[in-house]
Amino acid sequence: MADMDEPMVVDGGCGHTCEWEGRWNHIKKFLERSGPFTHPDFEPSTESLQFMLETCKILVIGAGGLGCELLKDLALSGFHNIHVVDMDTIDVSNLNRQFLFRPKDVGRPKADVAADFINRRIPGCCVVPHFKKIQDLDETFYRQFHIIVCGLDSIVARRWMNGMLLSLLVYEDSVLDPGSIIPLIDGGTEGFKGNARVILPGMTACIDCTLELYPPQINFPMCTIASMPRLPEHCIEYVRVLLWPKETPFGDGVILDGDDPEHIQWVHQRSLERAADFNITGVTYRLTQGVVKRIIPAVASTNAVIAAACATEVFKIASSAYIPLNNYMVFNDVDGLYTYTFEAERKENCSACSQVPLDLHFSPSSKLQEMLDYLSGSASLQMKSPAITATVEGKNKTLYLQSVASIEQRTRPNLSKTLKELGLTDGQELAVADVTTPQTMLFRLCFTS
C-alpha cells in the first residue's frame with residue numbers, strides 16, 4: 001500500500017499528472033453528505049465528484065472579464081474538461097481586469113492565452129481553446145457539452161447562442177426530449193451592475209423571452225451629430241450613422257462590424273478628421289470601438305461576483321446536489337450592496353422558443369420597408385439585418401437580403417413595394433433569417449383591413 005504521505009497521482013489530461021490526497025475535500029463536503037439546502041432527491045455519493053472530474057464537459061463562451069473569472073472558478077471547482085471560445089485578441093486595456101493576461105500577451109488570442117494559463121496553473125485541468133466566432137462552430141460541436149456558460153458583452157451573440165441551443169432540442173409527438181436540453185448559464189455585467197441567469201432551453205424563459213430587460217442603446221440626437229458635435233462620441237457616431245452607409249468603404253451592403261479592425265480603423269480615421277474640423281479632442285481607437293460596439297466600462301469586482309454566481313449554478317446543475325437558480329439574479333453595488341432574484345416567465349409568442357409561427361399584422365397596402373422597420377424596431381424582436389423570404393406562386397422568393405451586396409442591390413426596389421404588389425397573401429408564411437439566431441424564424445402574415 002502506498003504511503004499516505006505520498007501524493008496520489010492520476011493523469012489529468014493536457015499533459016498534467018498531478019493529484020494529491022485531500023485535494024477535493026472542500027468539494028466532497030457538498031457532494032458526500034446531506035445538508036439543509038441540498039436537493040430533496042439528492043443522494044450523497046462519490047460518483048458526482050468523479051463525473052465532474054472525468055466526464056462533465058463545460059463550454060465557456062468568452063475569455064474576457066467574465067470569462068477569465070469563470071475559467072478560474074470552474075477549474076478550481078473540480079471541472080477538468082473545459083472548452084473556451086473567443087474571437088478577440090488581447091489589448092493593453094484588458095490587463096487591468098482580465099487577470100489571466102500579461103503585457104507580453106498583447107496581440108495574442110484571448111482563448112489561447114487563457115487556456116495556457118489555466119492548464120499551467122491548475123494541475124489536471126484541460127482547457128481547450130477555440131480562437132474563432134461562435135458562428136463558425138456547428139451544431140455537432142455544441143452538442144457535445146453538458147453545460148454552456150456565457151460571459152459575453154454582446155446581446156447579438158447571446159441571442160445566437162440561445163438560438164443554437166433551441167435548435168438542438170428534440171421533440172417527439174410535440175413532447176420535448178429532456179435528454180436534448182443543454183443548460184445555458186448566462187452572466188452579464190454593466191459597470192457596478194450585473195446579472196446571472198439559468199436557462200433550460202424549451203422549459204424556462206430564454207434570452208429572447210426577456211429582451212426588454214436588456215438596457216436600451218444610447219443614441220445621440222441626429223441634429224447634434226450632423227451639425228453641432230460637441231463630444232468625441234458625436235464625431236464617431238456621425239461617421240457610423242451617416243458616412244459609413246454613404247461612402248460604403250468596403251462595398252455596398254457591407255455592415256459595420258465592431259470586431260473587424262479594418263472597419264474600426266476606417267471609422268477612427270474619419271472620426272479624427274471630423275473632430276479636427278470642430279476642434280474636438282479625445283477621439284481614440286479605443287473610444288471608437290467602444291462607441292461602435294456600445295461598450296460600457298467594466299468593473300473587475302462586478303465580474304468576479306457574477307462569475308462566481310454563474311460557476312455556482314454550473315456546480316449545482318452538474319452535481320444535482322442543489323436546486324438551481326429559478327431563474328434570474330440581479331446584482332447592484334452602486335449604492336451599498338443589493339441583490340434579488342425573480343422568475344422570468346416564458347413568452348407564449350416568443351420568436352425564438354415558441355413552436356408556432358408568430359403573426360405579423362399589416363395591411364395589404366403596407367410597404368415591405370414597414371415590415372423591415374418593425375422587425376428591427378420591435379422591443380420583442382430587435383433584429384439587426386433581417387432577410388425575408390416567401391413562397392410566391394409556388395416559387396421560393398427572396399424579398400430582401402442585406403448581408404450580400406449583389407442580392408441587396410437586386411432586392412432593394414422591393415422595399416418600396418406594397419405587400420400586395422409583392423404577391424403576398426393573407427396567411428402567407430414568411431421565413432426570416434437574422435444574425436441574432438442560427439435558426440430561420442417563421443412568421444404568418446395577417447392582413448388587416
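A search of the whole structure finds 11 aromatic pairs, where rings of Phe, Tyr and Trp (its six-membered ring) pair if their centres lie within 6.5 Å. One is tyrosine 338 with tyrosine 340: the centres are 5.6 Å apart and the planes are at 45°, so this pair is tilted. Planes under 30 degrees apart count as stacked, over 60 as edge-to-face, and the rest as tilted.

This is a predicted model: local features need pLDDT of at least 70, side-chain atom pairs count only at pLDDT 80 or more, and totals for chains, interfaces and linings use all residues. Residues are numbered from 1 along each chain as its sequence is written, and side-chain values use heavy atoms, with hydrogens and water left out.

Tyrosine 338 is partly exposed at 49% relative accessibility, and tyrosine 340 is partly exposed at 36%. Buried means under 20% relative accessible area, exposed over 50%, partly exposed in between (1.4 Å probe, protein chains only).

Next, the cluster. Phe141, Tyr142, Phe145 and Trp160 form one aromatic cluster. Over the face of phenylalanine 145 lies lysine 57, 5.5 Å from the ring centre. Elsewhere, arginine 274 has its charged end over the ring of tyrosine 238, 3.6 Å from the centre. The criterion is NZ of Lys or CZ of Arg within 6 Å of the ring centre and within 35 degrees of the ring normal.

Last, serine 354. Is serine 354 buried or exposed? At 14% relative accessibility, serine 354 counts as buried. Leaving aside neighbours within four places in sequence, serine 354 is in contact (heavy atoms within 4.5 Å) with Glu348 and Asn349.
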